[in-house]
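Open the model in your viewer and keep the selection tool handy.

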Amino acid sequence: MLPAHHRLVDSDAFRVTVRSGHRSGAQTLVVHLDRSEPDAPVRAGFVVSKAVGNAVVRNRVKRRLRHLTREHLPSLQGLSGSAVLVVRALPASATASYAELGADLDRCLSRVMS
RNA sequence: UGGGCUGGCCGGGCGACCGCGUUCCCCUCACGGGGGGACCGAGGAAGGUCCGGGCUCCACAGGGCAGGGUGAUGGUUAACAGCCAUCCGGGGCAACCCGCGGGACAGUGCCACAGAAAACAGACCGCCUCUCCCCACGGGGAGCGGCAAGGGUGAAACGGUGGUGCAAGAGACCACCAGUGCGCCGGGCGACCGGCGCAGCUAGGUAAACCCCACCCGGAGCAAGAUCGAGCAGUGUGUGACCGAGGGCGGCCCGCCCGAGCGCACGGGUAGAUCGCUCGAGGGGGCCGGCAACGGCUCCCCUAGAUGGAUGGUCGCCCCGCCUCACGGCGGACAGAACCCGGCCUACAGGCCAGCCCAUUCG
RNA sequence: GGGGGUGUGGCGCAGCUGGUAGCGCGUCUCGUUCGCAUCGAGAAGGCCAGGGGUUCGAGUCCCCUCACCUCCA
């Protein structure tokens, strides 16, 4: 689990980020990043829908994404404004390996942060 | 050796590094927190939510009707629609498997098509005695009656087969068989089974149709419930205050109790924290009772408690399967706790153990 | 954690108290037209989600399972 102040919890924040943030997609996932808010800690949330698979598959995808995202927290903290990140998993993420997920996340984040 | 039936069990192991959650300990601190260490950390189905119970609340006198559930017998249990044993019916050569398996003389309904007739007896074709008429002497027709053997329909036609009998026939009578009711004897706790005798000769099916009978069932659910904290704003309208609204009460009624507010529309506010939360009808070993389900005694063990929700990633050795001469490569099911427990059902790579049956070969 | 519902030709739907499964659109063939659309005539297409049971007989009644939709807290 991420530390409490890095977690994105309420559904309104999810909605705002997905609607108005910068977006970049890949085979296995879509990244939304919103930096409109003033200074605050980086917050990240994950969306893994039922289309991805059953509970075991969804949990595994969520855990992998969470650990991958942890690596990027310092660089996100360096940006101006409060970074709110939402990572949405696509059905292809169910069969992707940990390395493939990491590559997709890296590519999307770098595109969204520039 | 081949085929099959039943029951039980496991469901990868060891280790290294980087991370996560609860609890505990230590250090630090600007009291918001930060850092380090130790233990423990998903399942046989955690799943579906089909049943049952614990627990919590509803300030729970009670009674009747309605409603729902169960449905062979005996046992087991906290309880069950589960389980065990047995009985009956059906299937299989057998081991064994399957069955919502009470009542159709309490009443009502339904049984399409076909068929004369579908539930209470009757008679379409038909068979027969007698009377009359016609006659081409083979027979034909009409009528009063008797009969239900034969015909065909159907899932099902009022016992079956053979005989006696008769004008023709018929349980009208006889023998055997099937089946019903009653009585007696024997076995079993019982469902029921076996035997003997008598009666009457014969009774359709359907209650997973309404229903009747016996037994059982108060409602809601851990978002239950308890505590702390934050925040807001009312307005309109209807109805009522001993001629009593509304509530306990969940479908209705009687009855008892509380009782001054309550319903509708629009508008406004909150959705934080702690407890409940894991030691329990708990798990394992041994002994005893019981055919068994299960129960008793004793010893040992403590084994997840998250709250956007903790188990992930990388690698080595071993194990199993597939490919390959080999080196080596690929793969290892179904599936993730959310108050707890007992069952049922469903999903599942592969493997292990035990007992039994049939066929065949040899002795 | 509770409740309700749906599953029937390729698609959207009927099928009430059990008795030979229908309708519209679509598909195919023929006709009409110079040709197409329209129109007219005809035809094919269904083990009623799956399994088991009750009954002489089940889409319908009963039980179990699967998938999906939906409501309340």
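Select Arg107 and Asp104, and show their side chains. This is a predicted model, and here the two side chains meet in a salt bridge, at 2.7 Å from N to O.

Which of the two partners is buried? Asp104 is, with a relative accessible area of 8%, because buried means under 20%. Arg107 has 41% relative accessibility, so it counts as partly exposed.

Now go to the largest nonpolar core. Select Leu29, Val31, Val61, Leu65, Leu85, Val87 and Leu105. These residues have the most contacts inside this core, which has 25 residues. Colour the elements that give two or more residues to the core: strands E2 (29–34), E3 (43–48) and E4 (84–89), along with helices H2 (55–77) and H3 (98–113). Which element gives the largest share? Helix H2 does, with six residues. In soluble globular proteins, nonpolar side chains tend to be buried together.

Zoom in on Val61. What does it touch, leaving aside its neighbours within four places in sequence? Val61 is in contact with Val48, Val52, Ala89, Ser93 and Ala94.

For the last stop, select Leu8, Ala13, Val84 and Val86. They are among the five residues of another core, which lies apart from the largest one.

Note on methods:
Residues numbered from 1 in each chain as written. Chains lettered and ligands numbered in written order. Predicted model: local features only at pLDDT ≥ 70, side-chain atom pairs only at ≥ 80, totals over all residues. Heavy atoms only, no water. Core = buried A, V, L, I, M, F, W, Y, C linked by side-chain atoms within 4.5 Å. Buried < 20%, exposed > 50% of the residue type's maximum accessible area, 1.4 Å probe, protein only. Helix = DSSP H or I, 4+ residues; strand = E, 2+ residues; numbered from the N terminus. Contact = heavy atoms within 4.5 Å. Salt bridge = Lys/Arg side-chain N within 4 Å of Asp/Glu carboxyl O.
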